[in-house]
Amino acid sequence: MTITAPAAPSSLSSTGATVELDAVEKHYGAHRALAGLSLRIEPGEFVSLLGPSGCGKTTALRALAGLEAIDAGAIRIDGQDVAATPVDKRDIGMVFQQYSLFPHMTVRQNVAFGLEMRRVPAAARRERVIDALDMVHLADFADRYPHQLSGGQQQRVALARALVTRPRVLLLDEPLSALDAKVRVSLRDEIRRIQSDLGITTVFVTHDQEEALAVSDRIAVMNAGDIEQIGTPEELYRSPSSAFTADFVGQSNRLRGDLRGDDVFVYGFRVPALDGAVPDGPVLAYVRPEDVAFAAEGVTGTVVSSSFLGSIRRTTVRLDDDTVVTVQHEVGDRRAAGDAVAVRLLGAPVAVAPLT
Amino acid sequence: MSAAVGSRPARTTSTRPGGATRVPRFGAAPSRVTAAIVLIVIGLVFAVPLVALAQFTFRQGTDGGLTLAHYSALADPVNAATYQPVFDGLGASLLIALITVAIVLFVLLPAQIITALRYPRLRRVLEFVCIVPITVPVVVLVVGFIPVYQVVAQVFGSGAWTLAFAIGIISLPFAFRPNAAAITAMDMAVLTEAARSLGASWWTVTWRVLLPNLRRGITAACFLTITVVLGEYTLASFLSRTTFQTALVLVQQTDPYVAAIFSLGALVFGFVLLVVIGRIGRRRPRTPKDPA
């Protein structure tokens with residue numbers, strides 16, 4: 001079913017703000033949650049903070065929101081340092097991971113709450129509430145209570161509630177993680193559409209790389225409280241600057257190789273290495289499944305399993321030296337467990353890490 | 001777009017031959033007959049003493065006859081002096097209940113909210129402190145209170161209302177639990193952060209978001225506190241204060257029928273409070289007004 005998305009109403013249009021985090025540090029006791037994090041987000045940009053649990057992405061978002069005080073550094077919105085500004089004065093909109101609608105209020109009352117806090121006159125409030133609910137296709141649900149809505153609907157109301165006040169920045173703290181897969185994809189696309197229409201600067205925290213790759217202008221991959229790499233989804237996927245990024249973003253085969261100058265030799269195949277800072281010698285090469293192919297001649301092995309993934313198929317092969325390799329290939333090329341096969345590397349540049 | 005999940009899912013039914021519809025039960029639930037028997041037995045256990053008490057208030061002497069004379073005697077000016085301690089005690093108990101409820105609302109509840117929001121690690125400590133009074137016999141507590149109340153009497157006088165400080169302590173376990181259950185039932189931290197991010201001050205968060213969602217727990221805590229106050233005898237007796245219960249014991253020595261009438265009234269009042277707590281706990285949100 002195709003739903004025609006309404007254009008963002010003018011009553012909600014926002015001017016995107018510049019967001020800067022400058023050498024931000026945050027400690028929880030001895031644990032350093034943010035280790036001098038610096039990040040600049042341009043007006044209207046959709047930036048995702050992506051990383052494993054405990055990498056500091058949620059702490060960074062909460063610090064930006066004003067829900068966590070920072071120990072050092074600066075947080076600027078449109079050049080104004082807001083590090084000491086309380087959360088209720090920061091003019092941000094936030095959607096939380098948990099369902100955060102006020103249970104005793106209807107959808108309409110929930111969405112109107114932020115406008116009431118800003119003392120928006122009743123007539124304008126009414127209009128903006130309906131505009132916001134229209135935007136998320138829930139105008140007909142205005143008089144329902146949160147417990148009468150599905151999880152996806154609740155998060156859409158939360159999105160409308162966050163946007164109705166025309167905040168300078170929209171913060172999304174894993175808003176899709178509690179939803180089932182189909183709703184997640186649908187709401188993900190809806191968030192992106194609304195964000196593009198409104199032109200609001202958005203920071204999206206997620207641990208789901210697929211989500212981040214699908215919706216972001218740029219992705220900041222975080223590790224141990226700092227940004228490991230920031231770039232467009234294509235840059236991160238095709239040119240990871242570190243083994244961590246290569247391993248975390250997308251799927252990679254970790255294969256032993258020998259780095260010599262700008263190239264790495266893996267099973268006799270010569271492929272360009274992405275990280276020039278790694279010294280020559282034994283390395284681990286991070287090779288994408290789509291950069292490995294079945295061939296008549298190559299490294300021999302036995303098929304372990306094969307998975308149908310819709311438009312592609314991924315087959316796991318145990319090479320003769322017991323290394324396990326995943327090959328991505330066409331759906332029509334069917335391999336059965338136990339088949340003897342040979343694989344080769346296609347020569348796309350790979351991230352490398354010293355083999356310790 | 002997914003549909004609203006407004007109504008309960010329909011229960012699976014099957015049709016018996018002949019057209020009768022059978023609604024399957026959970027396997028763990030007792031049958032209707034078993035449930036009815038259990039309810040009747042429990043009802044009798046509770047009802048027999050109450051009915052006996054009620055019957056006693058109508059009894060005329062020892063010949064088994066029934067009369068309303070004991071009730072009408074309450075309104076007789078001739079007996080005013082005899083029954084005055086009961087009314088004084090009732091007034092004192094209601095004042096103590098009011099102060100104790102205030103302690104629950106303005107000391108215990110804020111402590112629980114702040115603990116839940118700012119110091120969640122202290123929740124267990126607070127729970128332990130609040131539960132302790134139920135584990136210590138009141139007689140033992142009184143021994144500790146006696147020297148304390150010598151000071152209290154010097155500062156605040158020896159009015160019966162000062163008992164509220166002691167009763168406030170023994171009612172902590174009863175007030176703590178409903179509040180804690182209500183706090184646990186709502187994701188207080190997230191709702192608070194959501195409201196704050198929408199521009200609400202702490203006062204607004206408390207008044208507009210937290211208290212409405214804690215209403216059932218708070219109401220239950222207050223009613224249970226009132227029932228504790230109205231049933232408390234040991235503290236008042238040992239600390240030599242006149243309350244409803246001590247007055248009843250006093251009057252009972254001269255007119256046991258009137259004491260029974262007031263006891264019955266207190267029990268009915270407590271029962272009504274518990275019914276009200278139950279009804280509030282089940283009530284759904286009202287149809288909303290347009291906020292805009």
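**Close-ups of a predicted two-chain model**

**View 1. Chain A as a whole.** In chain A, 68% of the contacts with a separation of 6 or more join residues 24 or more positions apart; a contact here means two C-beta atoms, placed from the backbone, within 7 Å. This is a predicted model, where local features need pLDDT of at least 70, side-chain atom pairs count only at pLDDT 80 or more, and totals for chains, interfaces and linings use all residues. Residues are numbered from 1 along each chain as its sequence is written, while chains are lettered from A and ligands numbered from 1 in the order written. Of the 356 residues of chain A, 47% are buried, that is, with 20 or more other C-beta atoms within 10 Å of their own.

**View 2. The six-stranded sheet of chain A.** Here's an open, mixed sheet running S6-S7-S8-S3-S9-S10; strands are DSSP E runs of at least two residues, helices H or I runs of at least four, numbered from the N terminus. Strands pair if DSSP finds at least two bridges between them. S6 and S10 (226-231) sit at the edges, each pairing on one side only. From one strand to the next, the twist averages 20°.

**View 3. S3 beside S9 in chain A.** S3 (residues 46-50) and S9 (residues 218-223) pair in the parallel sense over four bridges. Look for Val47(A), whose bridge partner in S9(A) is Arg218(A).

**View 4. Where chain A meets chain B.** Here 39 residues of chain A are in contact with 26 residues of chain B. H2(A) gives the largest share of chain A's side, seven residues.

Note on methods
A residue is buried if 20 or more other C-beta atoms lie within 10 Å of its own, exposed if 12 or fewer, and partly exposed in between; C-beta atoms are placed from the backbone. Axes are lines fitted to C-alpha atoms, for helices over the stretch in contact, and angles run from 0 to 180 degrees between N-to-C directions.
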